[in-house]
Amino acid sequence: MSTAEGLAVDDTLPQSVENHQSPPILHLYTFVPSAIVGKYQDIEAALKLDRCNARGIEYNRRSTGGGTVIMGPEIMALGFGINADYPGLAGGGMGGVFVTLGGVLGRALQRFGIRSNFVPKNDLEVEGKKLAGLSASAETGKSLLFHTSLLVDFDIELMTDIMNTPLIKLQDKGYNCFSRRMTTVRMEAGRADIQVEEVMEAVREAFEETFRIRFQEDRPDEWEQDRIRDFIENRYTRKEWIFSHKHPRSRMGIGRLKTRAGLLEIYLSLSGGSIENVVITGDFFSTSEDVNRLEQALKWTSARPERIRENLSRVWRDDMIYGLDVPTLTRAILNAKENQVRL
C-alpha cells in the first residue's frame with residue numbers, strides 16, 4: 001500500500017469502532033518502501049528528504065506518536081481499532097495498552113521460537129535488540145488506534161542513509177551501530193524462508209486468542225470508504241499535514257533531552273523575560289489537544305524556572321505526555337532557553 005492509503009485505512013479503524021458500531025478491526029498489510037514519522041516529529045529534522053527522493057522512498061506522517069519507522073515489503077504493518085473498555089485490554093492508559101498489545105505480539109512470535117519482551121516506552125525487544133515499535137493514539141472518543149511495525153527482515157543500510165538520528169539518542173542507548181540495536185524475525189528464528197504472510201497469520205491468531213474473538217476477512221463498506229478517501233485527500237497527500245510540526249528555523253533556542261517518554265525537542269523564543277513562542281516536538285505519545293494546551297500555558301508568561309513549573313503544573317494531569325513529568329519537561333524548556341540566549 002502507499003503511505004497515504006495505508007495510514008488512511010488505519011485512521012478509519014477507531015472511527016468505525018466509535019461511530020459505525022464496528023467490532024474490533026485488525027488491519028495487516030505492507031507498505032511500499034517508505035519512511036513514516038511520528039505525529040509530533042519534525043519530518044525535516046528526522047529524515048534526509050533529498051536521499052528519500054533520490055531513492056524513490058515515500059515519506060509521510062502518521063496520526064500516532066513515537067519515532068520514525070522505515071517500512072517496506074518485508075516489514076509487517078499493523079493497525080488495530082478497539083474500544084478502550086473492550087475485555088482483555090489492560091487499563092492504565094497508554095502504558096496498559098502497550099503492555100497488552102506487546103503481549104499479543106510476543107505470543108505470535110513464540111510460534112517461531114522467539115521469546116520477546118515489552119520494554120517501555122514502546123519497544124518489543126529480543127535480548128536488547130528491537131524487533132518492533134509500538135504506537136497508539138486515543139483521539140476518537142473511547143476508541144483507540146494501535147500501530148505496529150514488525151521487522152520480518154530489514155535494510156539497515158537504507159535506514160542509515162535516509163534517517164537523521166540525533167547523536168543524543170544514540171549516546172543514550174549506549175550504542176553507535178544500528179546493527180547492534182535492531183533484529184528481525186528471520187534472524188531470531190534462524191530461518192531465512194519465513195514469509196510476511198506467515199507472520200501475519202500468527203499475529204491474527206494471537207489477537208483472536210487474547211481477545212477471544214474471531215476475525216472475518218472483509219473490505220471497507222461505503223461509510224468507511226468515504227472516510228478513507230477523506231483522509232487521503234485532506235490529510236495524507238497534503239503538505240500541511242506531512243510538514244506540520246515544522247519548527248521555526250530562526251530566533252529559536254533548541255532544548256533536546258532524552259527522557260523516559262522519548263526524545264524531547266523544545267523550540268523556544270523569548271521577548272525580554274517572557275516566552276514569546278514555544279513548540280514541543282519529539283517522539284513521545286500525547287494528543288494534539290494536550291500538546292497545544294501545554295504550549296498555550298507557557299506563551300507570554302515569565303521564563304523564570306519557577307514560573308514555567310507553575311504554569312505547566314496548572315494544566316498538567318497524569319500521562320498528558322506518556323511517561324513524562326513536569327520537572328523533566330521544565331528541564332527541557334530551560335535547555336532551550338539557555339540555548340536561545342546564546343543565539
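Predicted model: local features only at pLDDT ≥ 70, side-chain atom pairs only at ≥ 80, totals over all residues.

Student: Okay, which residues does Ser 302 touch, not counting residues up to four places away in sequence?

Tutor: Ser 302 touches Gly 273, Ser 274, Ile 275, Arg 307 and Ile 308 on that count. You'll find Ser 302 in the loop between α11 (288–298) and α12 (305–315).

Student: Is Ser 302 buried or exposed?

Tutor: For that we use relative accessible area: under 20% is buried, over 50% is exposed, and in between is partly exposed. Ser 302 has 17% relative accessibility, so it counts as buried. Its side chain also has a polar atom 3.1 Å from the backbone nitrogen of Arg 304.

Student: What about Thr 68: buried or exposed?

Tutor: Thr 68 has a relative accessible area of 16%, so it is buried. Thr 68 sits in the loop between β3 (58–61) and β4 (69–71). Leaving aside neighbours within four places in sequence, Thr 68 is in contact with Ile 36, Val 37, Gln 41, Ala 46, Leu 47 and Met 163.

Student: Where do Lys 142 and Ala 192 lie?

Tutor: Lys 142 is in the loop between β8 and β9 (143–151). Its relative accessible area is 44%, so Lys 142 is partly exposed. Ala 192 belongs to the loop between α7 (185–189) and α8, and with a relative accessible area of 69% Ala 192 is exposed.

Student: Which side chain makes a polar contact with that of Lys 142?

Tutor: A polar contact is a pair of N or O atoms within 3.5 Å. The side chains of Lys 142 and Asp 85 are joined by one of 2.4 Å. Setting aside residues up to four places away in sequence, Lys 142 touches Glu 18, Ile 82, Asn 83, Ala 84 and Asp 85.

Student: Let's do helices. At roughly what angle do the axes of α4 and α8 cross?

Tutor: Picture a line through each helix and compare their directions. The axes of α4 (residues 93–110) and α8 (residues 196–211) come within 8 Å and cross at roughly 125°. That makes α4 oblique to α8, and their crossing is right-handed. By class, the contact of α4 with α8 has nine nonpolar, two polar and two charged residues. Among the α4 residues there are Leu 101, Val 104 and Leu 105, and the α8 side includes Val 203 and Phe 207.

Student: How do α1 and α9 pack?

Tutor: Helix α1 (residues 3–19) and helix α9 (residues 222–236) pack at about 130°, with axes 8 Å apart. That makes α1 oblique to α9. The crossing of α1 and α9 is right-handed. Their contact residues divide into nine nonpolar, four polar and five charged.

Student: Last one: what is phi like at Glu 127 and Asp 319?

Tutor: Most residues other than glycine have a negative phi. Glu 127 has a positive phi of about 50° although it is not a glycine, and Asp 319, also not a glycine, has a positive phi of about 60°. Glu 127 lies in the loop between β7 (123–126) and β8 (129–140), and at 79% relative accessibility Glu 127 counts as exposed. Asp 319 is in the loop between α12 and α13 (326–342), and at 37% relative accessibility Asp 319 counts as partly exposed.

Conventions
Residues numbered from 1 in each chain as written. Heavy atoms only, no water. Helix = DSSP H or I, 4+ residues; strand = E, 2+ residues; numbered from the N terminus. Buried < 20%, exposed > 50% of the residue type's maximum accessible area, 1.4 Å probe, protein only. Polar contact = N/O pair within 3.5 Å; in protein donor to acceptor, adjacent residues only side chain to side chain. Contact = heavy atoms within 4.5 Å. Axes fitted to C-alpha atoms, helices over the stretch in contact; angles between N-to-C directions. Parallel < 35°, antiparallel > 145°, perpendicular 65-115°, else oblique. Left-handed = near helix turned anticlockwise from the far one by under 90°. Nonpolar A, V, L, I, M, F, W, Y, C, P; charged D, E, K, R; others polar.
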